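Please read it with the structure on screen.

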Amino acid sequence: MIANKSDIHKVTCLHCKTEHVILLDRKDHERWLSGEAYIQDALHYLSASDRELLISNTCDTCWKIMYGEEDAE
């Protein structure tokens with residue numbers, strides 16, 4: 001679900017320097033950046049790894065190398 005005012009947001013991982021492209025709604029992004037909404041609420045249509053990339057500039061691959069994978073219990 002992407003609204004009409006979509007933006008292409010480029011994020012470079014701080015660790016591996018890979019550039020990632022995330023398509024998101026501009027108003028949703030602004031709601032999160034302003035503190036009006038939590039990222040998981042404002043950008044609920046993004047994957048958890050894409051949201052983490054926006055928060056910490058760490059891609060999913062590097063995150064798993066640094067912290068391991070979550071156990072599925």
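Predicted model: local features only at pLDDT ≥ 70, side-chain atom pairs only at ≥ 80, totals over all residues.

The numbered points below go through the strands, the core, the cysteines and the aromatic rings.

1. Strand β1 covers residues 6–12 and strand β2 covers residues 19–25; the two run antiparallel and are joined by seven bridges.

2. The nonpolar core. The largest nonpolar core is made up of 15 residues. Ile-22, Leu-24, Trp-32, Leu-43, Leu-46 and Leu-54 have the most contacts inside it. Two or more residues of this core come from each of β2, α2 (39–42) and α3 (48–56).

3. Ile-22 in detail. Which residues does Ile-22 contact, once its neighbours within four places in sequence are left aside? The list begins with Asp-7, Ile-8, His-9 and Val-11, and continues with Leu-46, Asp-50, Leu-53 and Leu-54. Of these partners, Leu-46 and Leu-54 are also named among the core residues with the most contacts.

4. The cysteines. How many disulfides are there? The count is zero. A disulfide is a covalent bond between the sulfur atoms of two cysteines. The cut-off used here is 2.5 Å between sulfur atoms. For Cys-13, the closest cysteine sulfur is that of Cys-62, and because the distance is 3.7 Å, it is too far for a bond. Cys-16 also has its closest cysteine sulfur in Cys-62, at 3.7 Å, and this too is too far for a bond.

5. Exposure of two cysteines. Is Cys-13 buried or exposed? Cys-13 counts as buried because its relative accessibility is 1%. Cys-16 has a relative accessible area of 35%, so it is classed as partly exposed.

6. The aromatic pair. There is one aromatic pair in the structure. Its members are Trp-63 and Tyr-67, with ring centres 4.4 Å apart; the pair is tilted because the planes are at 50°. Both residues belong to helix α4 (residues 60–67), and because they are four residues apart there, about one helical turn separates them.

7. Exposure of the pair. Trp-63 is partly exposed, as its relative accessible area is 33%. Tyr-67 has 56% relative accessibility and therefore counts as exposed.

Key. Residues numbered from 1 in each chain as written. Heavy atoms only, no water. Phe/Tyr/Trp six-rings, centres within 6.5 Å; stacked < 30°, edge-to-face > 60°. Buried < 20%, exposed > 50% of the residue type's maximum accessible area, 1.4 Å probe, protein only. Pairing = 2+ DSSP bridges. Core = buried A, V, L, I, M, F, W, Y, C linked by side-chain atoms within 4.5 Å. Contact = heavy atoms within 4.5 Å.
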